[in-house]
Structures are given as structure tokens and as C-alpha cells.
Amino acid sequence: PAAGPPPLPAWAAPESLPPVPLRGGGDLPPEALRNLVLLFAMTKAPGDHPGSGERLDEAVAACDRAAVAGLAWTLFERWQEAGRPSRHNWALPILARVGDDRTAARLAAWIKACPGWKGYARAVMGLDVLVLMDGDTVPLQLASIARTAKYRRVRDKAQEMLDALARAAGLSPHQLADRLVPDLGLDDTGSLTLDYGPRRFTVAFDERLAPHVRDERGGRRAAPPVPGRRDDAERAAAARALFSALKRDVRAVAADRRHRLEAAMVGGERWTHAEFTAHFAVHPLVRHIARRVVWLADSPAGTATFRLAEDGTYADTHDDAFTLVPEASVGVVHPVHLGADLASWAEIFADYEILQPFPQLGRPVHALSEDERAAGRLKRFEGLTVPFGAVMALTRRDWVPGPAGDGMMRRTLVRSAGADRHVVIDLDPGIEVGRPEDFPAQRLTGVRLSAAAVQGGEPGGGPGLTFGELDPVTVSEVITELLTLAASD
């Protein structure tokens, strides 16, 4: 028979825990709160204590859902402060059972903060819990970890888990994330009304998806005001709480969506008409950044560019009505492909005072010289000595350290440049595994094109490979990144 739950430690004593409101009013009594925590401890793994899972579900159903999730997080934090005693290691996995979207965001932040090699096992345990949680924001949190976690092993593990979720759904990771962006309670116009009784405020969003409010005269405020004497105190308090929750929840989504559009622009990704409409044009939240970029439509009639106006209609480069035909595929246009239309679009966005969520119309555009087009090397960057930190900053983008060689040194950075094409930076002395800061200066001994992601030897790309065969967007982005690296010299 299964052993009983471990005795509760001092940090989980009911009298020291926050109250848990009941759905019917009032708070969970101290003894019932103790029983709830005991159920947490008994249901850390399926089947550990027969019947405990069902009893936990019943207990949670009787309580305020967010309060139960908050209680579990408080216990998790206290368990860490107590040194993470293994006897009470239920404090982490219980988050998967009772956590909510806010818990997912908090757990993702904790995973990102796990320190280096020593924290990797801890981060993986956190990822194992995160992926078991219910809620539409889990793929978004995994994508955020895969993109922004400080340590590459953590980023790779998160991406592996996101790929598995996507495969199970028959989608790509990007497609899965697109489908699961929450609307956060916004109405069909992408807004939310905060009711103070005699006064009302409307929630709006800026180019970074940060929410603010506008009063009935159109005046902008960073947050809802303190209630006045004539306001309904109860409604005003509820409205302010609603805005605070919205601001917190948007923060978990905004960076991912901005990065998603920028990455799609650089990668040349396309959506069907139906996908674009559902996930961008009419989505209550994402529409606020979708209308701040220039889109392209590929159809049998040709390629055209357009923008999403504030009223939900489409407009072309002359600010005339644009019709998006059902058979069109849609993407975010890179300025390399705008040509003479770049100035027209920039003027329109300036006239309407539209700020962009990421650099698009003002993005640097670079091209190769004739000599570089015919070569497999970019000699203008070779021989530079740059700080180690600037080199590592490239790994936050699309560059990946090469394999460790003699002395556990990584002597290359590699960036995909299309099918069977890779840009390779050769480094001297290289990056030492586990102790990258030991060599604060790195010399670029080669910048070359390779058919393989891993290639040693002397600089000078593979036979017949030339930079001129690369897509102009890839060329522009690679040169921009190398110029940024060179500027740190």
C-alpha cells in the first residue's frame, strides 16, 4: 500500500498561507486548507495515492481557481527558499495539476533563470512540468524559452518539447503557436471596456502590445485612474483589477508575437488566406500589431503589398482599398523586396503615425559587391578581433556554435542560409565549453559559405559555392549581423 503523505513542514503550515476563497463565498477553513495542501503532497505523481487525484479535483472545484494556483506557487517558492528538500519535492510537479496561465508564465521565467550547467537539470524538471500543464499559453511559453533562455541547452530542450507538441497536433511549431494565442477577453474590435459606473475607459494597445486606456474624450492614460467620489467603488475596483490582469497576461504573449512576425519576414514564411485572417487580421489581440506592418499577397494575378487599416479593411501603397483574394498566400514583406514602394510605405506610416513592432520599413538593407557575389568568402570581415560577448550575442539570433574539438574548444559559429547552405565564422582561439569567458577576445579568421553545417579546415567555402547564389533577404540579414559584430571591434 502507498505510504501516507509526508508531515507538512513549517513553511506549509496553513496559518502562514494566503487565504483561498470558496466559490460560494468565504474562505477555506484552516483544517480544509491543511487537507488541500496534503492532497497536493499526495498527488505529485499519478497513482502514488489511489483516489487522491479525484479528491483534489473536487477540492479545487469548490475553490477559486486562481487562488488555488496562487497557493501552489507560494508553496513552490517556499520550498525553494527551504533548500528544495527532496522529501517535499511535490511542490514543483503539483503546478502541472493546479496551475493556470499565470503559473505557466511564472514557471517559464523561473526556467529561464536557472543558472548555467548546474541549473540545467532543474530547468528540465521545470520544462517537464510546464509541458504537462493545461492552458493555451503553454506552447507560447515554450517558444519564449526556446528563443530567450540564457543557456543554449535549455533553449534546445524547450524547442524539442515544442516540436513534440506540434507533431502530436499535426502542425509545425509556428502553426501550433499561431492557433493558441488567447484573446484575453477582448471583444471583436480588439478592445475592452472598463466600467466605473458614470465613467468608462477603453483599453488600447501600442506597437509592443502594451495596454493603456483612453477616456471618453480620447485622452490617453497609462493605467485606469484612481476612482473618484462619483464613481461606483465596486465597479471601479473590478475594472482596475481586470486591467492589471490583462497587462500581466499580455506580457506573456507580446514578445513572442512580435518575434513571430519578424522571423516570418526574414524566413519568407507564408500563410493561407484563411490562416492570415483568423490568426492576424481579426484576432482580437494580434490585430494590434498586424496593422503596424506591411504585408504581401502572392496570387495568380501577381504579388502586391498591403496594410491592415485600423477599421479592419485593407489598403494598398496608394492608400486605396485593396482586395485580398481567397487564393492568395500572405506574408510579411521584407524591405529588400519593396524597391521603390519602400519610400511610399514609409510616408504612409509616417502620415498615420504608425509605429512598428519591429524594424521593417526602417530595417537596414545590404547587398554584396560584385566580387563578393562571385566568391565563397566575405573577406571584409576576416581578420577582425571582437569581444567574446558580441560573438555570443549572435547565438541569440540564428547562429549556432559548432561542435567542440581539441581542448573542448568550439571554433566556429554556423548560420543556416537556405537548403544545404551555411555561413560559417571561424574563430580564434574559439569558445571553451563550460568556460567561455576565459578568452574575452575572438579573431574572425574566416567568414565562408559551406554546404555542410559542420566543416573544419581552413577558411574558403566548398567547391563552386558563392554568396551570390543566396537569397537577397538572407544576404542582407547576414551582412547586418556581421556589421553589428564588426561595430563591437
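Five strands make up an open sheet with the order S5-S9-S6-S7-S8 and antiparallel pairing (two strands pair if DSSP finds at least two bridges between them; strands are DSSP runs of E with at least two residues, helices are runs of H or I with at least four, and both are numbered from the N terminus). Strand S5 (271–272) and strand S8 (314–315) stand at the edges with a single partner strand each, so one side of each has no neighbour in the sheet. Further in, strand S6 (residues 295–299) runs antiparallel to strand S9 (residues 329–332), and 4 bridges join them. Within this pair, Ala-297 has Val-330 of S9 as its bridge partner. Helix H13 (residues 341–351) lies across strand S7 (302–308) and S8, at about 15° to S7.

A word on the model itself: it is predicted, so local features need pLDDT of at least 70 and side-chain atom pairs count only at pLDDT 80 or more, while totals for chains, interfaces and linings use all residues. Residues are numbered from 1 along each chain as its sequence is written, and side-chain values use heavy atoms, with hydrogens and water left out.

Now let's turn to strands S1, S2 and S3. Strand S1 (residues 192–195) and strand S2 (residues 200–205) run antiparallel, joined by 4 bridges. They form a hairpin with 4 residues between them, and Gly-197 in the turn has a positive phi of about 95°. S2 is also joined by 4 bridges to strand S3 (residues 211–214), again antiparallel. In that hairpin, with 5 residues between the strands, Leu-209 takes a positive phi near 65°. Follow Val-203 across: Leu-192 has Val-203 as its bridge partner in S2, and Val-203 has Val-213 as its partner in S3.

Phe-205 lies in strand S2. Is Phe-205 buried or exposed? Phe-205 is buried, with a relative accessible area of 4% (buried means under 20%, exposed over 50%, partly exposed in between, with a 1.4 Å probe and protein chains only). Leaving out residues up to four places away in sequence, the contacts of Phe-205 include Leu-186, Pro-211, Leu-246, Leu-285 and Arg-292 (contact means heavy atoms within 4.5 Å).

Finally, a helix pair. Helix H6 (residues 120–130) and helix H8 (residues 152–169) pack at an angle of about 20°, with their axes 10 Å apart (axes are lines fitted to C-alpha atoms, for helices over the stretch in contact, and angles run from 0 to 180 degrees between N-to-C directions). Among the residues making the contact are Val-124 and Leu-127 of H6 and Val-154 and Met-161 of H8.
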